[in-house]
Amino acid sequence: MLHTAGEPARIMLNADQTVPAADGNAIAHVEACIVDEEGNVVPNGEFELSFDWEGAGAVIGVDNGDLRCHEPYKGRRRTSRGGKCLAIVQSKPESGEIRLKASAKGLADGAVSINVET
């Protein structure tokens, strides 16, 4: 079913790996979506997202899928395109939790926790 998106309201984060290995090499792709109050992706939502994290991992790259974009892949900021953005998180060689937060001006923050296990 198709839904017309409302006004951008918040950031929603989804990780493809919820329990990566604590080996210092495992990665998780975290999709950041700009959504309305109902959780529908706002496809024209372009916002500069800032990623902050703590715990047993770190953001090693960011992307938005736009080949014309000249923003760096390394860093903690990226402009969303088509209402989406990607953060690539790498585990540390220790068990624990990675807590990732995304924020943008005018939107409610998004957060996700990823458990890193040996």
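Before selecting anything, note that the model is predicted: local features need pLDDT of at least 70, side-chain atom pairs count only at pLDDT 80 or more, and totals for chains, interfaces and linings use all residues. Residues are numbered from 1 along each chain as its sequence is written, and side-chain values use heavy atoms, with hydrogens and water left out.

**Stop 1: the 1-2-6-4 sheet**

Strands here are DSSP runs of E with at least two residues, numbered from the N terminus. These four form an open antiparallel sheet in the order 1-2-6-4. Strand 1 and strand 4 are the edges; each has a single partner strand, so one side of each is left without a neighbour in the sheet. Neighbouring strands are turned by 30° against each other on average, direction ignored. The angles come from axes, which are lines fitted to C-alpha atoms; between N-to-C directions they run from 0 to 180 degrees.

Zoom in on strands 1 and 2. They pair in the antiparallel sense over six bridges. Pairing requires that DSSP finds at least two bridges between two strands. Pick N14: its bridge partner in strand 2 is E31.

**Stop 2**

Start with residues 48-55 and 96-103. These are strand 3 and strand 7, which run antiparallel and are joined by six bridges. Show F51: its bridge partner in strand 7 is A102. D52 stands opposite K101 in strand 7.

Stay on K101 and look across to strand 8. There its bridge partner is A111. Seven bridges join the antiparallel strands 7 and 8. Their hairpin has six residues between the strands, and G106 takes a positive phi near 90° in it.

**Stop 3: the core**

Which residues have the most contacts inside the largest nonpolar core? They are I11, L13, L49, F51 and L100, in a core of 24 residues. Such a core is a set of buried Ala, Val, Leu, Ile, Met, Phe, Trp, Tyr and Cys residues joined through side-chain atoms within 4.5 Å. Strands 1, 2, 3, 4, 6, 7 and 8 each give two or more residues to this core. The largest share, four residues, comes from strand 2.

Select L13 and its surroundings. Not counting residues up to four places away in sequence, its contacts (heavy atoms within 4.5 Å) include V30, A32, L100, A102 and V112.

**Stop 4: rings and a loop**

Go to W53. R76 lies over its face, at 4.4 Å from the ring centre. A charge sits over a ring if NZ of Lys or CZ of Arg is within 6 Å of the ring centre and within 35 degrees of the ring normal.

End at R68, in the loop between strand 4 and strand 5. Is R68 buried or exposed? R68 is exposed, at a relative accessible area of 66%. Buried means under 20%, exposed over 50% and partly exposed in between, with a 1.4 Å probe and protein chains only.
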